Structure formats: C-alpha cells, structure tokens
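Here are some notes for a colleague opening this entry for the first time. Please keep the sequence and the 3D view at hand while reading.

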Amino acid sequence: MSTTSTAAASATDRSEAARAFLADFRSMSTFGATAGGGVDRQAGTAADGQTRNWFRGLVEGHGFEVRYDAVGNQFALLELIPGAPYVAMGSHLDSQPLGGRFDGAYGVLTAAHAAIRLKEAAQGAKFNIAVINWFNEEGCRFKPSMMGSSVFTGKLPAEQVLETTDPHGTTVREALESIGTIGDFSLDVAAYLEIHIEQGRSLEDDGLTIGLVESTWGANKYEFVVHGEQAHTGATVIADRHDALLGASLLVAAARDIADEFSTEEHAVITSCGEFTVFPNSPVVVASRVNLLVDLRSTDPDVLAAADAELHRRVAAIEQRASVEIKRGAEHVWASKAYDASGMKLAAASADKLGLPYGTVRTLAGHDSTNMKDIVPTIMLFVPSVEGISHNEKELTSDEDMLAGVDLFTELLGRVARGEFV
Ligand code: HGY
Ligand code: MN
Ligand code: MN
C-alpha cells in the first residue's frame with residue numbers, strides 16, 4: 001500500500017471509530033432519558049441498572065470480562081498480558097435527577113473506547129486494562145457522593161455503605177440486588193485515569209479543548225437537622241414558636257453570606273444548600289423539623305477552615321434567634337490536593353502530539369479521581385461544557401470536543417500502557 005493510501009486508510013479508521021463512539025453515546029443516552037433532553041439515572045434505580053447492562057453488553061462484545069465488587073462498582077477487564085498489573089480508567093453512569101447526559105457517562109464511554117482502540121494496537125503494552133463504572137458517584141439517592149470509589153479506596157466501610165438507606169428506607173444492598181449488579185470482585189490497580197466534562201466555563205472562555213486538572217478544591221459537606229415544634233401557623237403566637245423552617249432558612253442564608261464574606265481575589269469560597277426537606281410540610285403547620293445539606297468549598301484550606309468555623313459560630317446564633325435546636329449529622333469532606341505532576345506532563349505531551357489546545361484547571365466538583373488520586377498515581381482531564389451548564393438537562397459538550405477527548409485519552413492510555421507513567 002502506498003503512503004497516501006495508508007494515510008487515507010487510517011483517516012477512514014479514525015472516522016469509523018469516531019462514528020462508533022457517537023453512536024454508542026447516543027444509545028447510552030436513551031437510558032433514563034427525560035423529556036427535557038437529559039437523563040434520570042439515580043444510583044441503583046432501574047434506569048441505572050439498564051445502563052449498566054447496556055454497558056456490559058457493549059464491552060463484552062469487545063472481549064472484556066465484567067465483574068462487580070461488594071458495593072456494585074462495575075469492572076470491565078481487558079486482559080492483554082496474563083498476570084500483568086492493571087491500569088484503571090473510569091467515571092460513573094449514574095446521574096442526578098433531571099441530570100445531563102454527559103456528567104460521568106462521557107468518561108466511562110471514553111475509557112471503554114480508548115481501551116477498544118488500544119486493543120487493536122497493543123504492541124508494547126505492559127499493563128492490563130480495567131474500565132470502572134463507579135457506583136453512586138452522584139450521591140443524590142444515597143449519601144455521600146463518590147460512594148463506590150470511597151469504598152474502593154478504603155475511605156468508607158462496605159458494610160456501612162450497604163446499610164445506607166434512601167429517603168424511602170431502601171438500602172444500597174437492596175437496590176444493588178434489585179438491579180443484579182453486586183459481587184465480590186476486587187482488583188489492585190497501578191494507576192488511574194479519568195476524563196470528565198468540565199462543568200464550568202474556564203475552558204470555553206479560554207478557547208481550550210482540554211483541561212489538565214492540577215488539583216481539587218477542598219469541600220466540607222454537612223447534614224444538619226433543625227428541630228422545632230409542630231404548631232398552628234395562625235393560632236400560635238410568634239413568641240411561642242420553635243419554627244424549624246425559619247432556623248433552616250437562616251442557615252441557608254448564612255451559608256451564602258459566608259461565601260460573599262470569605263471569598264478573596266485569590267481564593268473563592270462557594271457555598272450551597274442543595275437538599276432541604278421540611279416536616280410535615282403542610283400549609284397551616286409550623287415545621288417541626290428540616291433536614292438540609294450545606295456544602296462549603298474553597299481552593300485554600302485555611303480559607304475553607306475559616307469559613308467553616310464561621311458557619312458553626314452562626315449555628316449557635318440561629319438556634320437562639322429561631323428558638324430551635326440544630327444538630328449536625330454526617331459529614332463528607334475532601335481536601336484541596338494536587339494530582340500527579342508527571343501525569344499532567346504526560347497528558348500535555350499527548351495533547352501536543354495531537355495538536356489540541358490545553359491548559360491547567362482545578363476541579364470544583366468532586367470526582368471518583370478525587371478518591372483514586374489518594375491511593376495511586378492519577379491523571380484527570382476535562383473537555384469543555386457549553387456555558388459551564390451542568391447538573392441540568394441542558395448540559396452539553398459538542399461532538400467535536402467529545403471526540404477530541406476520546407483521541408487524547410486513547411493517546412494517553414497507549415503511553416500509560418507502555419509504561420510511560422508508572
Ligand atoms: O462535587 C460533588 O459534590 C460530587 O461529588 N460530584
Ligand atoms: Mn460526574
Ligand atoms: Mn455530577
């Protein structure tokens with residue numbers, strides 16, 4: 001074959017691989033599809049189970065073996081060299097309620113396609129490959145988030161996770177058994193790679209296609225329960241009230257004030273309350289109880305600690321003002337911490353080779369790599385999110401950017417598999 005026709009053949013292969021990726025992405029997005037163009041695949045639901053089974057069929061069709069561990073993490077194993085250690089890649093197929101099609105799912109499918117492409121050109125590989133679909137990254141139905149990777153990395157005990165209940169009292173164990181994706185597999189991994197949509201605007205604003213994630217923001221999340229006393233909204237005089245809803249609302253507003261007061265030019269503080277449940281939530285009843293989750297994040301550990309201390313100081317003042325009792329429940333925290341610098345260099349060299357514009361970014365959101373980087377050398381990459389929209393049915397990454405990410409991830413995986421990272 002002449003050089004020209006070899007080049008033409010490889011361009012055809014690339015466009016076939018690109019078409020295959022986009023077709024799989026579209027098929028995957030039909031599971032749990034919502035009318036608004038997103039997906040609802042909360043962890044352990046039927047829609048999550050259908051997506052997991054579809055993914056299983058896809059990778060088994062390419063010669064992977066699929067296994068599950070005790071908390072439902074799904075491992076697609078591609079053995080290239082019997083007995084060799086594994087490099088793992090992954091993300092999550094579960095979503096927020098009315099979530100987007102890209103968050104997590106893009107990373108799992110990209111990892112699978114990169115491994116499929118590597119299989120066709122595996123000369124020189126020193127590692128076997130595992131693609132992991134982590135259970136319950138989102139943490140919406142069952143708290144906390146990043147649940148499966150927290151167990152895998154020894155941050156949470158499996159037994160505690162299996163007994164965790166959703167708001168209807170269903171346990172993780174029951175949910176996993178109902179979708180049939182639970183087992184006893186375990187795997188040692190030598191390194192971990194993840195690609196995800198940015199969920200922010202910096203890449204788009206800077207005209208970049210690839211983000212090399214240099215570190216996480218720190219996050220402190222707290223479950224609070226505000227206890228009041230149920231009463232008649234009309235007949236109970238103000239002085240006699242113990243209004244849990246008032247106390248909880250003051251806590252939400254305090255969190256926002258803290259973001260405004262503690263953010264500096266150099267280090268932003270981001271706070272939110274994403275979950276708020278009122279009991280008994282009835283029009284003519286003063287609330288007896290509110291459960292809420294308050295989330296504080298910052299790039300700087302000292303700024304985060306100061307904001308956190310202020311939140312806790314304000315809790316005492318709110319108890320007095322609303323005449324309620326505020327109890328702190330479970331917490332979920334992770335530190336602001338760097339990713340492996342040599343991994344970033346390897347990803348930069350891969351992007352240079354493909355001519356893709358890249359820059360360094362920090363991740364505000366937690367990812368499974370947030371956990372994995374604490375136990376093995378880890379590389380985390382981003383592709384752009386249109387207008388930074390995420391956790392929203394309108395979440396969007398262009399086909400072009402998705403495909404650039406798949407090409408880069410394939411190039412990077414090839415280098416990692418040949419031993420250029422660990
Ligand atoms: O960022 C989060 O809180 C979630 O774990 N992705
Ligand atoms: Mn995600
Ligand atoms: Mn998410």
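This is a predicted model: local features need pLDDT of at least 70, side-chain atom pairs count only at pLDDT 80 or more; totals for chains, interfaces and linings use all residues.

The points below cover the ligand site, then the aromatic rings, then one histidine.

1. Surroundings of the ligand. Which residues surround ligand 1? They are E137, S145, M146, K221, R297, W334, A365 and G366. Sorted by class, this shell holds 3 nonpolar, 2 polar and 3 charged residues.

2. The shell around ligand 1 takes at least three residues from domain 1 (3-217 + 337-417) and at least three from domain 2 (218-334).

3. Polar contacts of the ligand. On the side-chain part of the protein, E137 places an N or O atom 2.9 Å from a nitrogen atom of ligand 1. R297 has a polar side-chain atom 2.7 Å from an oxygen atom of ligand 1. G366 takes part through its backbone, where an N or O atom is 2.7 Å from an oxygen atom of ligand 1. Ligand 1 taken alone exposes 210 Å², and the protein buries 90% of that.

4. Aromatic pairs. How many aromatic pairs are there? The count is 9, for ring centres within 6.5 Å of each other. In the pair F75 and F152, the ring centres are 6.0 Å apart.

5. F75 belongs to strand β2 (residues 74-78) and F152 to helix α4 (residues 147-152). The two are 77 residues apart, and their pair links distant parts of the chain.

6. The ring cluster. F75 and F152 are also members of a cluster joined by ring pairs.

7. A histidine in a strand. H196 lies in strand β5 (residues 189-197). With a relative accessible area of 1%, H196 is buried. What does the side chain of H196 reach? It reaches the backbone nitrogen of G104, at 3.3 Å.

Notes:
Residues are numbered from 1 along each chain as its sequence is written. Chains are lettered from A and ligands numbered from 1 in the order in which they are written. Side-chain values use heavy atoms; hydrogens and water are left out. A residue is near a molecule or strand if one of its heavy atoms lies within 4 Å of it. A polar contact is a pair of N or O atoms within 3.5 Å; within protein, one must be able to donate a hydrogen and the other to accept it, and residues adjacent in sequence count only if both atoms are side-chain atoms. Accessible areas come from the Shrake-Rupley method with a 1.4 Å probe; for residues, only the protein chains shown count as cover. Ala, Val, Leu, Ile, Met, Phe, Trp, Tyr, Cys and Pro count as nonpolar, Asp, Glu, Lys and Arg as charged, and the others, Gly among them, as polar. Domain bounds come from an automatic or database domain assignment. Rings of Phe, Tyr and Trp (its six-membered ring) pair if their centres lie within 6.5 Å; planes under 30 degrees apart count as stacked, over 60 as edge-to-face and the rest as tilted. Helices (H or I, at least four residues) and strands (E, at least two) are DSSP runs, numbered from the N terminus. Buried means under 20% relative accessible area, exposed over 50%, partly exposed in between (1.4 Å probe, protein chains only).
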